[in-house]
Amino acid sequence: MANAEPTTRNKTSTYPEPLIILPLQEHRQTFIILHGRGSNATVFGPALLGTQVSEMKNFQLSFPHAQFVFPTASKRRAQIYHRSMTNQWFDNWSLQTPNERTELQVEGLRETSAYIHSLLRTAIDRVGAENVVLGGLSQGCAAALVALLTWDGDPIAAGFGLCGWLPFRLQMEDIASSDSVDKEDDGEDDLFEVSGEAVDTDPPTQAIAFLRDELDMPANGPTLTFKRIPLFLGHGVEDEKVPVRLGREAVSCLKHLGASVEWREYEGLGHWYSGAMLHDLVNTLKNVTRWEHT
């Protein structure tokens with residue numbers, strides 16, 4: 001395992017210092033990878049990097065020029081756990097009923113997205129957007145997907161999610177899959193109006209405008225950067241914590257939004273990654289990037 005170094009550029013009063021694993025060779029790429037609820041960077045990161053993906057290589061050795069940034073989520077009160085404090089990127093209710101109490105997600109998703117965007121900008125400044133990957137496991141997958149959907153910078157090399165779901169999936173897919181917008185004036189603010197003038201936007205743009213409005217983010221115009229970021233999503237069929245149907249639904253929504261998604265399911269796998277899953281992720285990243293993998 002390579003040496004780790006702290007970073008101070010993104011230090012805030014809310015998020016601990018990320019764990020940074022230095023590249024084995026010259027620094028050319030950066031991965032930002034988010035842990036699941038209740039975990040932290042120190043527990044999650046080294047175990048992931050040490051997982052064998054082939055007979056000769058683990059995950060880290062597959063990308064010798066990559067720096068790995070493992071943020072740790074801030075401690076927040078989890079309503080479903082009787083308001084106990086835990087590391088979580090955002091609060092959420094039961095994933096058996098993911099469309100209930102969605103208001104619990106808002107504050108954490110807004111703050112976490114802003115934090116992840118700051119990490120992305122730092123990485124892009126150092127190695128360029130085409131050399132940056134963002135991903136996550138479980139709730140970290142959910143947070144990473146929202147951060148990608150609301151990202152308005154240059155398109156990064158790729159994104160990935162393992163054993164996760166997509167917050168506000170139902171609402172966004174309903175909007176993105178509609179053929180037209182209800183233009184009836186209901187007396188409320190028009191999400192698709194700028195400076196008092198109606199804006200003609202397609203359903204995916206409207207869906208992202210809905211998400212940004214829910215999270216109280218400023219409108220970012222018609223450019224949907226995530227459409228130019230290839231995604232890999234993998235999920236265990238036997239996942240007892242995040243049912244595989246939530247992963248399937250996330251893929252359906254992302255495709256309605258116009259994202260390019262590769263989806264893989266793993267028989268006999270529960271709520272965790274596997275060597276086979278990471279092997280597929282490595283191959284996907286090699287196929288969608290122009291990196292040298294030596």
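**Figure 1. The side chain of Q139 and the backbone of F90.** In this predicted model, the side chain of Q139 reaches the backbone oxygen of F90 at 2.7 Å, which falls under the heading of a polar contact (a pair of N or O atoms within 3.5 Å, where, within protein, one must be able to donate a hydrogen and the other to accept it, and where residues adjacent in sequence count only if both atoms are side-chain atoms). Q139 belongs to helix 3, residues 139–149, where helices (H or I, at least four residues) and strands (E, at least two) are DSSP runs numbered from the N terminus. With a relative accessibility of 1%, Q139 counts as buried; buried means under 20% relative accessible area, exposed means over 50%, and partly exposed lies in between, with a 1.4 Å probe and protein chains only. If residues up to four places away in sequence are not counted, Q139 touches H35, G36, R37, Q88, W89, F90, N92 and W165, a contact being heavy atoms within 4.5 Å.

Residues are numbered from 1 along each chain as its sequence is written, and side-chain values use heavy atoms, with hydrogens and water left out. Because the model is predicted, local features need pLDDT of at least 70 and side-chain atom pairs count only at pLDDT 80 or more, while totals for chains, interfaces and linings use all residues.

Figure 2. Helix 1 spans residues 41–49, and its buried residues are A41, F44, G45, L48 and L49. These residues lie on the same side of helix 1, because they cover an arc of only 110° around the axis, the arc being that of the directions from the helix axis to the C-beta atoms. An α-helix has 3.6 residues a turn, so residues three or four places apart point the same way. On the other side of helix 1, T42 and V43 are exposed. The buried residues of the helix pack against strand 2 (19–21), strand 3 (29–34), strand 4 (66–70), strand 7 (132–137) and helix 7. At the start of helix 1, a side-chain oxygen of N40 comes to within 3.0 Å of the backbone nitrogen of T42.

**Figure 3. L48 and its contacts.** L48, a residue of helix 1, is buried, with a relative accessible area of 3%. Leaving aside neighbours within four places in sequence, L48 is in contact with I33, F59, F70, Y273 and L278. L48 and L278 are 230 residues apart along the chain, and yet their C-alpha atoms are separated by 9.0 Å.

**Figure 4. The nonpolar cores.** A nonpolar core is a set of buried Ala, Val, Leu, Ile, Met, Phe, Trp, Tyr and Cys residues joined through side-chain atoms within 4.5 Å. The largest one has 57 residues, and of these L134, L149, I156, M172, L254 and L257 touch the most other members. Among the elements that give two or more residues to this core are helix 2 (106–127), helix 4 (169–176), helix 5 (203–214) and strand 11 (231–236). A second, separate core of 31 residues includes I21, L48, F59 and F63.

**Figure 5. R264 between E262 and D280.** The side chains of R264 and E262 meet in a salt bridge at 2.9 Å, N to O, where a salt bridge is a side-chain nitrogen of Lys or Arg within 4 Å of a carboxyl oxygen of Asp or Glu. R264 also meets D280 in a salt bridge, at 3.0 Å. D280 lies in helix 7 (residues 275–288) and R264 in strand 12 (residues 261–266), so this pair ties together parts that are 16 residues apart in sequence. R264 counts as partly exposed at 33% relative accessibility, and E262 is likewise partly exposed at 26%, whereas D280 counts as buried at 15%.

Figure 6. R245 forms a salt bridge with E249, the closest N and O atoms being 3.8 Å apart. Both residues lie in helix 6 (residues 244–257), four residues apart, which is about one turn of the helix. R245 is partly exposed, with a relative accessible area of 31%, and E249 is partly exposed as well, at 24%.
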